[in-house]
Amino acid sequence: MSLPQPYRHPGRAFLSQHGRLQCEDDVFRYVNFLRQESGLGDEPPIALTCIYQHFGMPEPLRAPLEEQQGILVDSNTGIILIKEDDPIVRQRFTEGHELMELLFDAQQEARFESALPNWSEQRKERLCDQGAADLLMPQSSFVPKLNRLGISFKTGRSLAALYQTSLLATLARMLQYGTGNYALVLWHCVLKPSEMKQSAPIKAKRKLRVCWKLQTQDWTGGFIPKDKSIPHDSLISQAYISGQPYSGAETIDLGSTSIRCNVEALPIRLGDRISVLSLLHLTNG
């Protein structure tokens, strides 16, 4: 039986070989470093246990966290806490995020003489999420599978099962690297921003509105404005009302323009709220 490896801080190990972070590409070189050092390839699912074992890190501990999905408790020992009641696929993504946090922790403590990249805290969090996606869904294996299957919710479910990632994270990865005229839009039922400021908001005015959106690089459907509402008779609204997926072709009014799309609409629960995730495939662009 082999003895456990002594702990080696992954972030410090990377910086000792490659020097300080100078650009965002260096963050993704760290992702490749984690896999290569641990003897991992790019085929799914990516076994994070191999990374922990290689660097002598303890397996992340599951804990009843309230406000956070994960916490890097002590970078000197590699102790990480993960929200115990999150779905396993969400826990895996959080583990990837915290492995990225170890890189920024090492960069900060090194106190390089030259100026550090001027990344805001929000940008660093985004880079940790992007790094986690890159770690769990390597572009080199993900893109060929996506190109073979094409962009759809069915493909999203298939790749999510294969890579052991959440459907939402997988769909976001698909839009990042997929080709074709597609947009992914999350809708939630809220008041208009101006109505939220009223002292006594009127419930009847709540409508499905754009929460966020992602588009492929090929998207030519124009700007999708945040908080834009959708009519009650749309496929997207019907999915929300019925709690069932809907698909078909319809025209969607974006305010400045109208687009004709093939639509897939899927009700999903995010926290205590039911929202609708829609995949739009432009047919008149």
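Visitor: Which residue in β8 is the bridge partner of Leu270?

Guide: Strands here are DSSP runs of E with at least two residues, helices are runs of H or I with at least four, both numbered from the N terminus, and two strands pair if DSSP finds at least two bridges between them. In this predicted model, the partner of Leu270 in β8 is Arg273. Strand β7 (residues 258–270) and strand β8 (residues 273–282) pair in the antiparallel sense over 10 bridges. Residues are numbered from 1 along each chain as its sequence is written, and side-chain values use heavy atoms, with hydrogens and water left out. Because the model is predicted, local features need pLDDT of at least 70 and side-chain atom pairs count only at pLDDT 80 or more, while totals for chains, interfaces and linings use all residues.

Visitor: What is the order of the strands in the open sheet?

Guide: The five strands follow the order β5-β4-β8-β7-β6, with antiparallel pairing. At the edges stand β5 (207–215) and β6 (246–253), and each has a single partner strand, so one side of each lacks a neighbour in the sheet.

Visitor: Which strands does helix α8 lie across?

Guide: Contact means heavy atoms within 4.5 Å, and angles run from 0 to 180 degrees between N-to-C directions, with axes fitted as lines to C-alpha atoms, for helices over the stretch in contact. Helix α8 (residues 167–177) lies across β4 (182–190), β5, β7 and β8, and runs at about 140° to β4. Helix α10 (residues 235–242) also packs on the sheet, where it touches β4, β5, β6, β7 and β8, and its direction makes about 130° with that of β6.
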